[in-house]
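Let's walk through this model together, one question at a time.

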Amino acid sequence: MIFRRTLCAAALLATMPLGAMAQSTPLLLNSFLAPQHPVTNMVIKPWAEKVGKVTEGRVKVDVAPSSLAAPNQQMASVNKGVFDIAYQFHGLMAEQVKLNQIAHLPFVNSTSKGSSVALWRTYQKHFVKTNELGDVQVLAMFVLPPGVMYGMGGPIDSVSKLKGRKVYALPGVAAELLEAAGAGVVAAPAARSYEVVSGKTVDAFVGYSTSDANGLKTLSYATDITDLPGNLTAPSFVLFINKKRWAALSPQDRTAIESISGEAFAQNMNVYDDLEAKIRAEAAAKGIKFHVANETFQKELRALAAPITQDWLKDAQKAGINGPEALEFYRTQAASNR
């Protein structure tokens, strides 16, 4: 891994002017998602470019052309110095990081921007003192648009429409909720959903946003999309830097980078909301029908979701956190910052 990082850094440095090399502190950022993925293109790369601008060229963040580690090895690789900066899906840290799973809970999210602001503020107000994320410098957190329910032959509008039916679901909250509803769940990472959905071995698929469905090429298999007020679940991530590399930067540059991270980073997630709106409009134009779950369906799902929320509240209590207070704060922030 160190050898691969050296080669990558050398290739990036070779493209830089000599003056820039002399003046800049280079930092290598790994994006485990593909270069063309919206997270890389619309979120990570623009932030990396801003670092150079706000530090007036003193710090240069280069995004590796391809991933240097598996998705679940991002934090470990940063700690080992394989690369300097990375982001990791909270769902892949569920055993270590309990509190930030709040963003994955049912019926707590709004938009990508609203949920991202909520997660950052809740982390700062309630969770940071527990140091669950260990020996890295946390720079930002972000939440993607929430997951919805895709019918492949009519809308999913009741628990009875799920019971006994074979449904693809993202592992985690989506899969747990559908299993509780009596569905025959096929749980697999999002990257594998296309083979399941396109093979028509399932009657529906659940758990990710329409923009993700579009990118994964599964959206065209949906006839109907059902939204839930408060939403089913949403994927959340943390962006971090190696603590020693962070400490080596000047106080001036650390302050500059912080000015475009944290709250500012979360506020900028409206770019993902714009993408979501665009994909939804295109889907509607192609004939996909959108529905909002009726009150009876919502009530049924909330009852099934209650144990999932209770498990999180127990984890919060064990960590010494007032779970109900943190959860209410998150919900309020997500709703008011959408």
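Q: Which residues lie nearest the centre of the second largest pocket?
A: This is a predicted model, in which local features need pLDDT of at least 70 and side-chain atom pairs count only at pLDDT 80 or more, while totals for chains, interfaces and linings use all residues. Residues are numbered from 1 along each chain as its sequence is written, and side-chain values use heavy atoms, with hydrogens and water left out. A pocket here is an open set of points on a 1 Å grid over the protein atoms alone, where a 1.4 Å probe fits, with protein on both sides within 12 Å along at least five of seven lines; lining residues have an atom within 4 Å of a point. The second largest pocket has 22 lining residues, and those nearest its centre are Ser110, Thr111, Pro146, Asn231 and Arg338.

Q: Which helix gives the most to the lining of the second largest pocket?
A: Helices are DSSP runs of H or I with at least four residues, and strands are runs of E with at least two, numbered from the N terminus. Helix H12 (270-285) and helix H14 (323-336) each supply at least two residues of this lining. With 4 residues, the most comes from H12.

Q: What is the volume of the largest pocket?
A: Its lining has 40 residues, with Phe89, Gly91, Leu170, Pro171 and Pro235 nearest the centre. Volume means the space filled by probe spheres set on the grid points, which are joined across faces, edges and corners. For the largest pocket that comes to about 1300 Å³.

Q: How many residues of the lining of the largest pocket are charged?
A: Asp, Glu, Lys and Arg count as charged; Ala, Val, Leu, Ile, Met, Phe, Trp, Tyr, Cys and Pro as nonpolar; and the others, Gly among them, as polar. In the largest pocket, the lining has 24 nonpolar and 10 polar residues, and the charged ones number 6.

Q: Is Phe142 buried or exposed?
A: Phe142 sits in strand S4 (residues 136-143). Not counting residues up to four places away in sequence, Phe142 touches Val39, Tyr87, Ser116, Pro235, Ser236, Phe237, Phe265 and Met269, where contact means heavy atoms within 4.5 Å. Buried means under 20% relative accessible area, exposed over 50% and partly exposed in between (1.4 Å probe, protein chains only). Because its relative accessible area is 0%, Phe142 is buried.

Q: What distance is there in the polar contact between the side chains of Ser261 and Trp47?
A: Ser261 is in the loop between helix H10 (251-259) and helix H11 (262-267), and counts as buried because its relative accessibility is 4%. A polar contact is a pair of N or O atoms within 3.5 Å; within protein, one must be able to donate a hydrogen and the other to accept it, and residues adjacent in sequence count only if both atoms are side-chain atoms. For the side chains of Ser261 and Trp47, the distance is 3.1 Å.

Q: Which residues does Leu313 contact beyond four places in sequence?
A: Leu313 belongs to helix H13 and counts as buried because its relative accessibility is 18%. Leaving aside neighbours within four places, its contacts are Gly323, Pro324 and Leu327.

Q: Where does pLDDT stay under 50?
A: pLDDT is the predictor's confidence in each residue, from 0 to 100. The protein chain has a mean pLDDT of 93, and 93% of its residues reach 70 or more. Where pLDDT is low, the predicted coordinates should not be read in detail. The stretch with pLDDT under 50 is residues 17-22.
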